[in-house]
Amino acid sequence: MKPAARIADLGTESAFQVLARARRLESEGRNIINLGIGAPDFRTPDNVVEAGRRALAEGHHFYTPARGMPPLCAAVADEIRSTRGVDVNPDHVMIVPGGKPTLFFAVLMFGEPGAEILYPNPGFPIYESMIRFTGATPVPIELREESGFACDPDEVLAKIGPKTRLIILNTPANPTGGVLDRATMDRLVSGLEEHPQVAILSDEIYSRLLYDGMEHVSPLSYPSIRDRVIVLDGWSKTYSMTGWRLGWGLWPEALIEDAERLQINSNSCASAAVQVAGIEALKGSQEPVERMHAAFDERRKVLVEALNGIPGFSCVMPKGAFYAFPNITGTGMSSKAMETLLLEEAGVATVAGTAFGELGEGFLRFSYADSLENLREAVERVQACLQTV
Ligand SMILES: Cc1ncc(COP(=O)(O)O)c(C=O)c1O
């Protein structure tokens, strides 16, 4: 067999490999605290589970329109109005199975040999993987610890050239927990106004997970560039629904029909019953979301303080998402060696910073989507393990 050459360019998400290794160790009787995978540990809220169960019983077993059930697209438009302050046409919303398809479609739409796509590094690994898959050139937007892992807008704008087709922004960010504030976004947007050929993919999957009074700033809220912004968001992180596979994309008018054709060529539509559950998630009580948010906030502070107590570690306070990204260069170990040591010897699953791009060397990602008890125990194990090496 001879798979197409581009298949060899596909990367992966190491968090899934760490998860598989952690499961294998558990099956051998080891106790593993899994802070590797980016999935909330809470159950999906009961009202949402019940809505999904009822939808199946009531016969939601069939294809829906490719863009999604109209009441769900309308609910998403309402959500965009209340969270981003922008009135959008529900016909420009496309419901997809998770956050990833919107990313996949946007990069397929703009990526080809000769094109350049800007993406955050360290960042969600699928950005670079998908860009390479299309034959386009990935151009990293460097995120640095000194600035709380926000980008330097002038540096980003200086990377835009005649070959640039798409820029990917992610706020709040995986794996750093960094957030783009309004001043940074203002500067980025005023520069992007000079480059009308560049589309913007704004990955806002963690938009409801912000702390310390930070506001969510979406490029969509700027009228001057709105007609070329694609927004990616969904239910996975906010409603603890990672395994349901439900996400939404908001597409510019000029792109929605192409996006729909990509959907028809791949998924047809998102699962019908899951879409009904998605309506309940958006329209039902938001109290479970607030409870999860408060728990993440408390865990964030506990984990970051504990990580800063480990010799050789130093961790800036993340402002969003549910990840801490400590600098471990003081230990003298590489990120990958540390990931392996902690998993195999301490029974703590984390992800090496290099899984998020080469600029992640010297860092380790801890997800704090786990109980306070497990977070404290994990840090104790790490500390004890490092004393023995
Ligand atoms: C930044 C970012 N974007 C997109 C996704 C994909 O989300 P989903 O699991 O809904 O496909 C993730 C998941 O970890 C993520 O961290």
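Trainee: How do you know that strand β11 and β12 pair, and in which sense?
Mentor: Two strands pair if DSSP finds at least two bridges between them. β11 (residues 351-352) and β12 have two bridges, so they count as paired, in the antiparallel sense. In one of them, valine 351 has arginine 365 of β12 as its bridge partner. Keep in mind that this is a predicted model: local features need pLDDT of at least 70, side-chain atom pairs need 80 or more, and totals for chains, interfaces and linings use all residues. Residues are numbered from 1 along each chain as its sequence is written, and side-chain values use heavy atoms, without hydrogens and water.

Trainee: What else pairs with β12 over two bridges?
Mentor: Strand β9 (residues 323-324), again in the antiparallel sense. There, tyrosine 323 stands opposite serine 367 of β12.

Trainee: Why is tyrosine 323 called buried?
Mentor: Buried means under 20% relative accessible area (exposed is over 50%, partly exposed in between, with a 1.4 Å probe and protein chains only). Tyrosine 323 has 0%, so it counts as buried. Tyrosine 206, at 3%, is buried too.

Trainee: What makes tyrosine 206 and tyrosine 323 an edge-to-face pair?
Mentor: Rings of Phe, Tyr and Trp (its six-membered ring) pair if their centres lie within 6.5 Å; planes under 30 degrees apart are stacked, over 60 edge-to-face, the rest tilted. Here the centres are 5.7 Å apart and the planes at 80°, so the pair is edge-to-face. Tyrosine 206 lies in the loop between β6 and β7 and tyrosine 323 in β9, so the pair ties together parts 117 residues apart in sequence.

Conventions:
Helices (H or I, at least four residues) and strands (E, at least two) are DSSP runs, numbered from the N terminus.
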